[in-house]
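Dear colleague,

I am passing on the structure below and would be glad if you could look through it alongside my notes.

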Amino acid sequence: MLVGISALLSCSAIATPLSEYYAEYQVSRKGEVHGEATRQLSKVAENTYTVRYKSDIEWMIFSDVRTEESLFEVHNDQVQPLHYSMKREGTGPDRDYRVKFNREDKTIHSNQQKYPLDVKWLAQQQDHLSYQVQLRHDLMAGKRKFSYPIIDKKGNQRSYDFAVVGEEMITLPFGNINTIKVKRLYDDSDRQAIAWFAPEYNHMLVKMFKGKDGMEQFQIELKHYQPDSKTTAK
C-alpha cells in the first residue's frame with residue numbers, strides 16, 4: 001500500500017498568499033483502518049514553502065513508514081520545485097530518494113545517479129509532491145483537466161494526467177461533506193486513482209482511493225484539518 005496526494009497553492013505575487021495548514025488522515029483497506037498519515041504545508045521564506053507528507057501503515061505482516069518532503073518556490077502562479085526527498089522503512093528494502101532541481105543551469109540531479117539526469121528541462125517540471133500543490137491550485141482556479149510533467153522518485157520523467165469527473169457528497173469520520181471528484185487518467189485501464197477535494201475546506205484533499213485490477217489497494221480519509229502551521233506534523 002502506497003499513499004500520496006495534495007497541497008495548496010497560490011502566488012504571493014497575487015492577492016492571496018499560499019496558506020499554511022496541517023492535516024491528519026486515516027488509512028484503510030476494505031473498511032479496516034491500518035494506519036495514519038499527516039500532511040503539512042509551511043512557509044520557510046518569501047515565495048518559498050515546504051510540503052511534508054508522512055504515513056505509518058501496518059497490515060498483517062506488512063509495514064510501511066515513509067516521509068516525503070518537497071521544497072519549492074511559487075512564481076507567477078506556478079509551483080517550481082527545488083528539492084524532493086523520500087525515505088521509506090518497513091517490510092522489504094528501505095528506500096532513500098533525493099532529487100534536486102537546479103534552475104540556473106536547468107539540470108536535475110538524483111542521488112540514484114552520478115551525473116545529471118538525461119531528461120529535457122521543462123519550465124513546468126514538477127516533483128512527486130509539488131505537482132499536487134499545483135493541481136489543487138488549478139482546481140481552485142476552475143480548471144477541469146490537468147497535465148503535469150513529473151520527475152518521479154527514481155528520476156524518471158513522466159506525465160501525470162487528471163480530469164474532474166463530477167461533484168459528490170461523501171461521508172468522512174467527522175460527517176458528510178460536498179466534494180469535487182478528480183480522477184487520474186491512466187494508459188492502463190486496470191489502475192484507478194480517485195481524489196475528492198472539499199471547496200468548504202479551501203479545496204483540501206479529503207479522500208483518496210487507489211486500486212488495481214478491480215481491487216482496493218488503499219483509501220485515505222481526512223479526520224482533522226487545521227488551517228495554520230501551529231501544529232507540527234508527527
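Residues are numbered from 1 along each chain as its sequence is written, and side-chain values use heavy atoms, with hydrogens and water left out.

The protein chain has a mean pLDDT (the predictor's confidence in each residue, from 0 to 100) of 88, with 90% of its residues at 70 or more. Over residues 1–16 pLDDT stays under 50, although the model has 70 contacts (heavy atoms within 4.5 Å) beyond four places in sequence for that stretch. Where pLDDT is low, the predicted coordinates should not be read in detail.

Helix α1 spans residues 130–140 (helices, H or I, of at least four residues and strands, E, of at least two are DSSP runs, numbered from the N terminus). Of its 11 residues, 10 are buried (under 20% relative accessible area with a 1.4 Å probe, protein chains only; exposed is over 50%, and partly exposed lies in between). One of them is D138, with a relative accessible area of 7%, and beyond its neighbours within four places in sequence D138 is in contact with K143, F146 and Y148. Just after α1, G142 takes a positive phi of about 95 degrees.

There are nine salt bridges, each a side-chain nitrogen of Lys or Arg within 4 Å of a carboxyl oxygen of Asp or Glu. In one of them, E36 pairs with K223, with the closest N and O atoms 3.8 Å apart; E36 lies in strand β2 (residues 32–45) and K223 in strand β13 (residues 215–226), so the pair ties together parts that are 187 residues apart in sequence. E36 is partly exposed at 34% relative accessibility, and K223 is partly exposed at 36%. A salt bridge also joins K181 and E168 (3.6 Å, N to O), and since K181 lies in strand β10 and E168 in strand β9, this pair ties together parts that are 13 residues apart in sequence.

Strands β9 (157–172) and β10 (175–185) each give two or more residues to the lining of the second largest pocket, and β9 supplies the largest share, four residues. Among the lining residues are R158, Y160, R184 and D188.

Best regards

How values were computed. Predicted model: local features only at pLDDT ≥ 70, side-chain atom pairs only at ≥ 80, totals over all residues. 1 Å grid on protein atoms, 1.4 Å probe; cavity = no way out; pocket = protein on both sides within 12 Å on 5 of 7 lines; lining within 4 Å.
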